[in-house]
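My notes follow in the order I took them.

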Amino acid sequence: MKVSLTLAWASALFATATVAALDPIVIKGSKFFNSKSGEQFFFKGIAYQPRTGVQGDMDPLADTVGCKRDIEVFKDLGINSIRVYEVDYTKNHDTCMKLLEDAGIYLILDMPSPKYSINRAQPYWDRDLMSHWTAKVDAFAKYSNLLAWIAGNEVANDKDTTPSAAFVKAAIRDMKAYIKSKGLKTPVGYADNDDMDIRMNLINYFNCDNESSRADFYGVNIYRWCGDTTTFKTSGYEDVTKNMTDYSIPSLLTEYGCNKVRPRTFPELKSLYGKDMSGVFSGGIMYEYSEEDNNYGIVKVSYGNPKVEKTEDYSNLKAALKNANPDTVKSSDYKPSGKDSVCPSVSDMWKVKSGSLPPTPSSARCQCMLDSLGCSLKSNNLTASEGKAVGDVVGSICGTTDCSGISYDTSKGQYGDFVACDSNQRASWALNKNYENQKKAKCEAKGVETNTTQSPKQADQKACLKEKDDIGNAGSSSSSSSSSSSSSKSDDSNTSSSSGS
């Protein structure tokens, strides 16, 4: 990266003592630094998402009993960071965030949640998703120990789901712009699943094109180092390190900790924080804190219960972290030498054309489009069965009708003018298209109520394209090939093109 980015307030190198405020951390080139001391910063973190005993939406940062219980354990472990995957942004997080800050621990928080994430099988980046992500940013903006956001976790996980990368990159572009518009500088990154077939394409894609759409840092979720007999070379860690050697933005292990051999002794930390990797990676996040059904935990805890039962993995991780003392460089002595990546070309293994991204969501544009329709859904709140029925109807319509206005083809870099509207709005667009093709004879969608408007208040749908997007950027005549430099849950496979809801 050509410029330094001031991050959210964070702890000094490995600091865990009680502090009044955590020092700012900055990105310079491919490394993190404490802006006050100039010391290089390494993540010594753990994934934190306790699930045992939780009912409803999970949010460990709103569970004060759990926070008070677990942060004492964090201090004993000697960690300086946690990664949390899911929170409820409507809840209060003041107590837990203050306890973390006092312990010198900062937060990496995922933007998506299971309900509001980019679907790798049928990806969209729309106004519904963006509204929930921006609400989460607003809720956590006040906390000085929020260090970074992750905009996608293992979204594209094979060659058939690579189209989703375009939508994640569009989300990174828009969330970076939104964060900047709020006067904040918290970085936004991506975490991949270390799939060997698409790994280099992902690494290059999220660090190419204009800086406004690139990830601020890159995370690798890796589970290859299994047991004490594995080595830096045989684990594949050597190859992963080589892949990132000339990278121009910081990289870290956003998940590690193979559990095929237990108890885990975490021998990979000798390489991660030693000469093998510390010149390239900025530490990592061990997966995970609590023992769940997947058997990756180092302690056993339950919601509402102050008791902590430590496993043998706990003492092994504590010892490994204590011995992790990487060589560091002062910010003043460090001269970045990494290079911006070359975007991958479209191929059988990569179905995204670079230089073009899905448009930034625009509530005004979508409302204007709805106001132009003679046939639309009567309600925007559909049941699960109604949603399925609408999906079937739209699929049928777009199988015989040109639905380019709500469709995309990532391999060609083509995106419809209303592709960033929410699923119900896109469905209404398709219903209206069918209605017009039938010369306005019938407005219907089997199993769902529809609404007919004889004289829509918006006569020219193309005029809607001039509406500002939800970042505040001016509209244009068309969004069919949105530039990547604009400021602006499924496991099924996906082709490079899609239409409908």
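How many disulfides does the count come to? I looked at this first. The model is predicted, and the count comes to 7 disulfides.

**Entry: overall form**

I checked the secondary structure. The protein chain has 11 helices and 21 strands.

**Entry: surface and charge**

I asked for the burial of the chain. Of the 501 residues, 57% count as buried. I compared the charges next. There are 59 positive and 62 negative ones, and their mean positions lie 3 Å apart.

**Entry: C226 and C258**

I went to this pair and found a disulfide with an S to S distance of 2.0 Å. The link of C226 and C258 is right-handed, with 100° about the S-S bond. The pair links distant parts of the chain, 32 residues apart. C226 sits in the loop between β10 (217-222) and α6 (237-244). C258 sits in the loop between β11 (251-256) and α7 (268-272). Are these cysteines buried or exposed? C226 has a relative accessible area of 17%, so it counts as buried under the 20% cut-off. C258 is buried too, at 7%.

**Entry: C366 and C421**

I found the sulfur atoms of C366 and C421 2.1 Å apart, in a disulfide. The torsion about their S-S bond is about -100°, so this disulfide is left-handed. C366 lies in helix α9 (residues 363-371), and C421 lies in the loop between β18 (414-415) and α11 (423-437). The pair therefore ties together parts that are 55 residues apart in sequence. I checked burial here as well. C366 is buried, with a relative accessible area of 1%. C421 also counts as buried, at 1% relative accessibility.

**Entry: C398 and C403**

I looked up one more pair. C398 and C403 form a disulfide, with their sulfur atoms 2.1 Å apart. Which hand does the link of C398 and C403 have? It is left-handed, with -85° about the S-S bond. C398 is buried at 13% relative accessible area. C403 counts as buried at 4%.

Conventions: Residues are numbered from 1 along each chain as its sequence is written. This is a predicted model: local features need pLDDT of at least 70, side-chain atom pairs count only at pLDDT 80 or more; totals for chains, interfaces and linings use all residues. Side-chain values use heavy atoms; hydrogens and water are left out. Helices (H or I, at least four residues) and strands (E, at least two) are DSSP runs, numbered from the N terminus. Buried means under 20% relative accessible area, exposed over 50%, partly exposed in between (1.4 Å probe, protein chains only). Lys and Arg count as positive and Asp and Glu as negative; His and the chain ends are not counted. The place of a charge is taken as NZ of Lys, CZ of Arg, CG of Asp or CD of Glu. A disulfide is a pair of cysteine sulfur atoms within 2.5 Å.
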